[in-house]
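Here is a quick tour for someone meeting this structure for the first time. Have a look at it below, then read on.

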Amino acid sequence: MATYLEFIQQNEERDGVRFSWNVWPSSRLEATRMVVPLACLLTPLKERPDLPPVQYEPVLCSRPTCKAILNPLCQVDYRAKLWACNFCFQRNQQLLLPNLSTPETFFRGARSPLIFLYVVDTCLEEDDLQALKESLQMSLSLLPPDALVGLITFGRMVQVHELSCEGISKSYVFRGTKDLTAKQIQDMLGLTKPAMPMQQARPAQPQEHPFVSSRFLQPIHKIDMNLTDLLGELQRDPWPVTQGKRPLRSTGVALSIAVGLLEGTFPNTGARIMLFTGGPPTQGPGMVVGDELKVPIRSWHDIEKDNARFMKKATKHYEMLANRTATNGHCIDIYACALDQTGLLEMKCCPNLTGGHMVMGDSFNTSLFKQTFQRIFSKDFNGDFRMAFGATLDVKTSRELKIAGAIGPCVSLNVKGPCVSENELGVGGTSQWKICGLDPTSTLGIYFEVVNQHNSPIPQGGRGAIQFVTQYQHSSTQKRIRVTTIARNWADAQSQLKHIEAAFDQEAAAVLMARLGVFRAESEEGPDVLRWLDRQLIRLCQKFGQYNKEDPTSFRLSDSFSLYPQFMFHLRRSPFLQVFNNSPDESSYYRHHFARQDLTQSLIMIQPILYSYSFHGPPEPVLLDSSSILADRILLMDTFFQIVIYLGETIAQWRKAGYQDMPEYENFKHLLQAPLDDAQEILQARFPMPRYVNTEHGGSQARFLLSKVNPSQTHNNLYAWGQETGAPILTDDVSLQVFMDHLKKLAVSSAS
Amino acid sequence: MSQQGYVATPSYSQSQPGMGLSPPHYGHYGDPSHAPSPPGMMKPAGPLGATAPGGGYPPGPPPPGPQPFGQNGAHASGHPPQRFPGPPPVNNVASSYAPCQPTTQSYPSPAPTSSVTQLGNQLSAMQINSYGMGMTAPSQGPPGPLSTAAFRGPPRPPQPSILQPGSQALPPPPTTLNGPGPSPMAPPTHRQDGLPGPAPLNAQYQPPPQPGQTLGPGYPPQQTATYGPQMAGAQLSYPGGFPGGPAQMAGPPPQLQKKLDPDSIPSPIQVIENDRATKGGQIYSTNTRGQIPPLVTTDCVIQDQGNASPRYIRCTTYCFPCTSDMAKQAQIPLAAVIKPFATIPSNETQLYLVNHGESGPVRCNRCKAYMCPFMQFVEGGRRFQCGFCSCVNDVPPFYFQHLDHVGRRLDHYEKPELSLGSYEYVATLDYCRKNKPPSPPAFIFMIDVSYSNIKNGLVKLICEELKTVLEKLPKEEQEETSAIRVGFITYNKVLHFFNVKSNLAQPQMMVVTDVGEVFVPLLDGFLVNYQESQSVIHNLLDQIPEMFADSNENETVFAPVIQAGMEALKAAECAGKLFIFHSSLPTAEAPGKLKNRDDKKLVNTDKEKILFQPQTNVYESLAKDCVAHSCSVTLFLFPSQYVDVASLGLIPLLTGGTLYKYNNFQMHLDSQQFLKDLRNDIEKKIGFDAIMRVRTSTGFRATDFFGGIFMNNTTDVEMAAIDCDKAVTVEFKHDDKLSEDAGALIQCAVLYTTIGGQRRLRIHNLGLNCSSQLADLYKSCETDVLINFFAKSAFKAVLNQPLKVIREILVNQTAHMLACYRKNCASPSAASQLILPDSMKVLPVYMNCLLKNCVLLSRPEISSDERAYQRQLVMTMGVADSQLFFYPQLLPIHTLDVKNTMLPPAVRCSESRLSEEGIFLLVNGLNMFLWLGVSSPPELIQGIFNVPSFAHINKDMTLLPEVGSPYSQQLRMIMNVIQQNKPYSMKLTVVKQREQPEMVFRQFLVEDKGLYGGSSYVDFLCCVHKEICQLLN
């Protein structure tokens, strides 16, 4: 088994791909019986320091319907200078080049600048606005010098700032209540060249600006100072807000104008619209809540009761914008910092469909926001920004496979072809997707369908192949293509089930299934999704468990499956599927990140990691279980979204007593420090920056920990009371043990 | 002797001694004692004043008994409730007013004034009636036969359509008018007993009645006996000729001599000079109900003693007919021209401000009239009876005051509202919008920065000028700085707002491109205190010309600009004024977009009125919104081609703003004129968010209003703003009988916000007489006001009726008024005689000027923009402005006495008054021409222009060179004096005789036949005479 783990890891390292199954069932029927679909997590831009750049055009298969790219899996006849396409078996005559590896990067000539369009809410508290202004000013220094930047501010009105002018600062102002078409926006911004009657008498104006747009989008190196000043002078929205009202915030129109501006000026060029908002849209198209404070913003309860009067309309508005943005190849980030909801539920499609970021915080004046924002502009080992734009992912499969769909920060390009399945999983019906914004960790779940019929077996040693072709605009403004071609063995599920079973990647499978579940949860009722997940789990256990019928105690799972039920247990409890205690915005936020992080991060989200620190030895990972909460331990929990440091009761008392300050208890000081250092390490690497919670036994913030651990001890099973075995959780949730007991019972039952 | 005034025909017929001459106006209500005062002579004032104090005024028959202001005690017993009918002895009044009028010391003059006035009038009457005297012949009468011959021809051409209402053959003018010597004017007898059919119409513009259709009830003959002797006296005393007049006629062109002698027909100049001679420099106190004020052209000091100064209100007649039948019969419009914010010279008392604190003004409970001298206190002062509706009201406790033995409150002279015609109240919150005290108003400057304005330097000029003129924003007298806030917008086809908040280093520009639905992009920082934001504003004004220097934008919007300004004021919750500097037809795609629809083919058709109507109704509804949000719009137009003034101008008109137009603006020629207008407009006295209500005593009411106003209902006159130059003309109609005792009382109340943001009420009260004698009515008319009314009503009518109809109506009404007089008031005379009431002597010439104005004259030579512009100007004019506008002032400059600072006496506006050796200055309130005869004295030329000869003069100037010579200094001084207090800065045009621009100049010689049509004065007089004859027949 170790070999498979290594294999999987190797593949992930090299290709950025993790398959649920690494040996593929060779017939359609058998594949469906595997319960977990054949699917993979693809990280198209996985960082590969060793990746050799190749400076030539990719070699394409000459069959017009295929156009696969020459790859190491192709059979090559060096003497005849021929190669056979491993997807369509077309024989191609082509000059051959050596040094092929997987994946490949090709450079292409065309350059266009990166574009950053800041869309800034000015209805903020003074210190929030100040912090935001500083962050924005700071970001200017992080941008590539030739990047184009633009600034739109909004409150009651929307202002598009002209950045080129000397002296007087100039902005175009739009009413925040009026929905404008793209054409109107472009007309009003003067982006469309009107058919001007030529004035003979006048001297021809020298054409200073090659782009009409350049008034609003300027190279940062030219207007750095100007923009810094402009940001510095930015005032809070001056319109009075009377008591009992929310400020009028025209987020919908602001975004619409941002989209329209880029659409009219730089279509199909990498661009980020970065929306910074401190509250919900309260007027105009896309409004989420009215300006009366006495009417609170919609909750899950309201939505269930169909009581969220603006939700549908607003969602439609932002979806329309998101789709237009995706069509233009731009992406939208949302940085929402407010104590209350800001309408992420309605706006989520903007980052979700365009590959933008979604960041949620309490205030712009927090390190959470500041560092997260800074991290957007982090660079890789080559000194390039970790961002890419306007990618299209083209998936090609060998003929035994078809593509069922993808789940991730992408939209369908609606390219039908022979390898597109009719059964959709996620966003299907296409073999190409557009990922407008992506970074080295952006990960898509791609789902396949085995279509080979049972009666046409694949010869022994046959391999199925999949090629992922990602064309994108690199942050260095180059166009690049990365090609990843993978192949896996086919196996007959009847005769070689063991092989298949052994090649099961339960981690990948758990994440892929979770993505399907979360994808469903966006459109279905929560309980339905949970039932569906349960059913899948039971079926999987029935298929791969070893047990005697009707004897739960006999139930066993092999190592390659053993963790899977536990993942599902925690997934069921996760905020991705449970909305209780979460606002709609929070749910949207969690789901957004879940649908784009790579496998490791996704697993942390599903099942947080818990480390225990004590005097008994080095830090150790412990079970995410209430039994791990002990008085003499410090716990460090990483849920991806939160980093929680929890001091056990005794530790907390010691600290309170101030032992750490006494030289003779320096080791205690070190013990206290150790989790802090480890947490810092995680904080440094994580995007978005997690919420950092430092708490102790009995602290109010301890709830973050208590809500996550498996409630193995509750007030309901009092046997543990009084024993030093952990902390009881006051919950009626079932524990993992109970869950497993039920699962076993159902798996072995012949009724289901 | 009847009150006939004037008989024109016989001036040259010398054979009519004893004819129609009389100064009867005064005689018949004055007491006999003064009647015989020999006209024409400045009688020593003493005796007259002493014997007939105040009697000289033409107030209705004075019931001698009740003199409310009589000396204490004397009249106490005889007090009737009606207080104001009788003219009190001036002296008494003067003294009794002492507490209120500190200036009373200088008061002894009124009495003399009155006598002088009479004399002057008589004199003028005589002068006109020169036929009456044998002596006229030598000085002016051309030989009879000659004129007869010459006269036959000319009248015909201009008359045809206008003057002949029916198909009736026109009696040859000569017969009618000239009826040479032979038509012997019978010695003036008293008027006929019967009246010709009174006009069955109320509307001005109805066709004239068929003569003789109906016969009115018999009219009581006047007390003829009294007047016989006076007349004789008058005739005898006629001294002959008017002083100086003939002298000016250096060389009347020979051809004129053949015609009816122009000197024999009533001369406006003479009327003006006479009034000046009698009343000029005097004190006129308003203590008497129904007295006729000095003419607008006469300078005098006015003392408010219970009636509003004529600077505020003037009436077509100061004696209303008692019944509507009478009014219909005479067809004299009953109207008042109210200029509530008129500028008061510094030597007159400014308005007192009454503050009743939280209680607010005391008002009649029923009709809501404000406390005023017309209120009668009764029951020991506990109640007061309203003079307007007669309702008896309780006096509020805080206002109680005991009455003295004549029934007058003890504090009568301490309270302006009890003793003065005009005063102001501090308004309480009830009078404010939303019951909140108003914010100080704002001025928003909106500059068209399209290509042409940038190119000709206008934008730069405006920006430069604003820097200095903003220092002079108007402020409340007691305040250090102006409370007015300012804002700036530039625009072409989009709008640019500017944030000029004081804490900014640089102004910020905010562009609003959504002109379809314009809005205000900022609140804070748009309207600022000039002093606080001065540096940012200067920075902005420096940058604006630069900013658009490269602009190629030709298209402009207009309605959205106003909308934006209005929205800005609305958002700031204040009243204000927009200053718009605009130059082109707004063709950009936006509301209020206009097309060029100037169509000369419409001229002289029934559709001509379209040219005066706005192209779309956008502007009217926008104006309505503006008024609702008290946003006044002043528009400076710089058109180089058609801009559709009829559409664009509607907003300034309806919002109480001003329209200035500078055709083909050229920086080096026109900038001074524009800058003066701009400065003047910014600095002038103005009230905002005004609502005016004209209340009247029972029996009549205000029915129609003309001016820069907006009316949502029939009574409230709404004005976004009203400044010192704007007048509202109000027409009154009877709805019941008026009593001679009670008279006709008018109270005009204007609720407004001051420039400092205070809410105030300005009240003007005026008492008029009433009479059942037509003669009284005719006697009390003021022609200048009549013309103002006729002009406004006619100019209003051009929107709806063909011009031809309007012209006919005007002619007919003129004829009708005069015919009615002739029939009812004048002494019997030959049918061929033209008899004009003294007060309307110059009505024909003025009426002719009105008819010749380009608005009413259908000639394609005049652009429709110019016509619309003039139409609009007149709509808001006060009496003085309209007088000057229709009958320009023509001053001989070559006769200047450099030692005398007085203005030279004017001459009549006719080419015949010019001379080749002369230099003349012509002024009409809009334009100023300096006409130079070809043989102008070289020393004058040298003195004025500093060039050796006529040929060296460069006409291309709008300012006279500053030459040190006395001529130059005096001429420039005169021009300055003339310009003073005129609403528009006049552009000077230098015209050399017999050179091209003379054509333009000649249009203003309004007594002559117009270049583009329009009859000469003489012809028109003939025509009117003919009409009258027809009516009489």
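With a relative accessible area of 34%, L1011(B) is partly exposed.

For the complex, the predictor gives an ipTM of 0.85 and a pTM of 0.80. Chain B has a mean pLDDT of 78, with 75% of its residues at 70 or more.

One stretch of chain B needs care: over residues 1-258, pLDDT stays under 50. The model still has 524 contacts beyond four places in sequence for that stretch. Where pLDDT is low, though, the predicted coordinates should not be read in detail.

## Annotated domains

Some labels come from UniProt. In chain A, an unreviewed entry lists "domain: Sec23/Sec24 helical" for residues 505-603. In the model, that span is 66% helix and 9% strand, and its end C-alpha atoms are 13 Å apart. Also in chain A, UniProt (unreviewed entry) lists "domain: Gelsolin-like" for residues 619-705. Here the chain is 37% helix and 24% strand, with 18 Å between the end C-alpha atoms.

Over in chain B, UniProt (again an unreviewed entry) gives residues 687-770 as "domain: Sec23/Sec24 beta-sandwich". This span is 0% helix and 64% strand, and its end C-alpha atoms lie 33 Å apart.

Let's zoom in on Q506(A), which lies in helix α13 (residues 506-521) of chain A. Is Q506(A) buried or exposed? Its relative accessibility is 10%, so Q506(A) counts as buried. Leaving out residues up to four places away in sequence, Q506(A) touches D559(A), S560(A), F561(A), S562(A), L563(A), Y564(A) and F567(A).

Next comes L368(A), in helix α11 (residues 367-376) of chain A. L368(A) counts as buried because its relative accessibility is 15%, under the 20% cut-off. Not counting residues up to four places away in sequence, L368(A) touches M360(A), G361(A), M689(A), P690(A) and R691(A). As for V35(A), 333 residues away from L368(A) along the chain, the C-alpha atoms of the two are separated by 40 Å.

In chain B, H356(B) lies in the loop between β7 (353-354) and β8 (376-378). H356(B) counts as buried too, at 11% relative accessibility. Setting aside neighbours within four places in sequence, its contacts are P361(B), V362(B), F398(B), Y399(B), E417(B) and Y425(B).

## Salt bridges

How many salt bridges does a search of the whole structure find over all chains? The count is 76. One of them joins E517(B) and K178(A), whose closest N and O atoms are 3.0 Å apart. This pair crosses between chains: E517(B) is in the loop between β15 (508-512) and β16 (528-529) of chain B, while K178(A) is in the loop between β12 (169-175) and α4 (182-188) of chain A. E517(B) counts as partly exposed, at 37% relative accessibility.

Within chain A, R655(A) forms a salt bridge with E696(A), and their closest N and O atoms are 3.2 Å apart. R655(A) lies in helix α19 (residues 649-657) and E696(A) in strand β30 (residues 691-696), so the pair ties together parts that are 41 residues apart in sequence. R655(A) is partly exposed at 32% relative accessibility, and E696(A) is partly exposed with a relative accessible area of 27%.

Chain B has a salt bridge between the side chains of K955(B) and E995(B), at 3.1 Å from N to O. K955(B) is in the loop between α28 (938-945) and α29 (966-979), and E995(B) in the loop between β30 (987-992) and α30, so this pair ties together parts 40 residues apart in sequence. K955(B) counts as partly exposed at 28% relative accessibility, and E995(B) is partly exposed with a relative accessible area of 28%. Elsewhere, salt bridges that share partners join K577(B), D681(B), K684(B), D723(B), D725(B) and K726(B) into one network.

Technical notes:
Residues are numbered from 1 along each chain as its sequence is written. Chains are lettered from A and ligands numbered from 1 in the order in which they are written. This is a predicted model: local features need pLDDT of at least 70, side-chain atom pairs count only at pLDDT 80 or more; totals for chains, interfaces and linings use all residues. Side-chain values use heavy atoms; hydrogens and water are left out. UniProt positions are given in the numbering used here, feature names are shortened, and annotations may be inferred rather than shown by experiment. Helices (H or I, at least four residues) and strands (E, at least two) are DSSP runs, numbered from the N terminus. Buried means under 20% relative accessible area, exposed over 50%, partly exposed in between (1.4 Å probe, protein chains only). Contact means heavy atoms within 4.5 Å. pLDDT is the predictor's confidence in each residue, from 0 to 100. A salt bridge is a side-chain nitrogen of Lys or Arg within 4 Å of a carboxyl oxygen of Asp or Glu.
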